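The sequence and the structure are shown first.

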Amino acid sequence: MSTPQTSAVTIAVVSAGVSDPSSTRLLAERAAQRTLDLFRAEGTQATVTIIDLAPIAIDIARSIVGGYPTEPVQAAIDRLASAEAVIASTPVYKAGISGLFKSFADLIDNDLLIAKPVILGATGGTDRHAMVVDEQLRPLFAFLRAIPVPTSLYAAPEDWASPELGNRITRAATELVLLLRSGAPREIADDNWRAYQHQFNGNATRAERSIADLDFDTDLMRLAAGGQPARNAQDAHDNRSG
């Protein structure tokens, strides 16, 4: 490895495991620990923040129905936004990723993960589900314009005792570290931010406009609200002052 990176790194672990103990979280934690080991070996300060979705499952459902994140969900989104990289881990049910994981992803602003490196992981009861990671998780994070590392992780019950799983975890962690140390994710986000189509009033950390930027006194906005356009400048002034 080349020149160590000097700034601290935060890795967000998003786990949709619901059992206790959770193999889904265990897979993510093993990937996170290997990533921490690699960073610390090169002298880079790194920390991990855990986002468990099971405790906020009801809030996720309420946020989906209500259209706005509840306070616990928004706190999870904020922690995800502040991280430099992500490790995403979901159980597989009936040949598909967890509905809990997908519901949380549906609440994420499309701009939130632009150019962030991501390790993709999943667990299941049989190796028949191994391709779910690349067939479902990878397209999801591609839509969110993140940068999934080439090596994906999947663990069935028989994989936990296999050295091959450890090898894949090391390979994925190394890819994540190399991406971050290269500076490419930051350069991609910096150079292309204005070229992307953004969600208005989103929760991405670089969102430049919010509801406070709207001028509700324009003729168009007055008409949209069921009013009449101002006849002249004095009418507009009277409407604002009234």
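Two residues are in contact when heavy atoms of theirs lie within 4.5 Å. The term is used in that sense below, and the model is a predicted one.

## Overall composition

The secondary structure of the protein chain consists of 9 helices and 7 strands. The chain has 242 residues, and 42% of them count as buried.

Contacts between residues at least 6 apart in sequence were also sorted by separation. Of these, 75% join residues at least 24 apart.

## Helix α1

Helix α1 covers residues 23-41, which is 19 residues. From its first C-alpha to its last, α1 reaches 27 Å, close to the 27 Å expected at 1.5 Å a residue.

Which residues of α1 are buried? They are Thr-24, Leu-27, Ala-28, Ala-31, Ala-32, Thr-35, Leu-36, Leu-38 and Phe-39. An α-helix has 3.6 residues a turn, so residues three or four places apart point the same way. The buried residues of α1 pack against the strands β1 (9-15), β2 (46-52), β3 (85-93), β5 (117-123) and β7 (153-155), and against helix α6 (163-182).

## α1 against α6

The axes of α1 and α6 are 9 Å apart, and the two helices pack at an angle of about 50°. α1 is therefore oblique to α6. Their crossing is right-handed.

On the α1 side, the contact involves Leu-27, Arg-30, Ala-31, Arg-34, Thr-35, Leu-38 and Phe-39. These meet Leu-165, Gly-166, Ile-169, Thr-170, Ala-173, Thr-174, Leu-176, Val-177 and Leu-180 of α6. By class, the residues of this contact are 10 nonpolar, 4 polar and 2 charged. Leu-27, Ala-31, Thr-35, Leu-38 and Phe-39 are listed among the buried residues of α1 and also take part in the contact with α6.

## α2 against α4

From α2, the residues that make the contact are Ala-57, Ile-60 and Ile-64. From α4, they are Leu-100, Ser-103, Phe-104 and Asp-106. The contact of α2 with α4 divides into 5 nonpolar residues, 1 polar and 1 charged.

Conventions. Residues numbered from 1 in each chain as written. Predicted model: local features only at pLDDT ≥ 70, side-chain atom pairs only at ≥ 80, totals over all residues. Heavy atoms only, no water. Helix = DSSP H or I, 4+ residues; strand = E, 2+ residues; numbered from the N terminus. Nonpolar A, V, L, I, M, F, W, Y, C, P; charged D, E, K, R; others polar. Expected span 1.5 Å × (residues − 1). Buried < 20%, exposed > 50% of the residue type's maximum accessible area, 1.4 Å probe, protein only. Axes fitted to C-alpha atoms, helices over the stretch in contact; angles between N-to-C directions. Parallel < 35°, antiparallel > 145°, perpendicular 65-115°, else oblique. Left-handed = near helix turned anticlockwise from the far one by under 90°.
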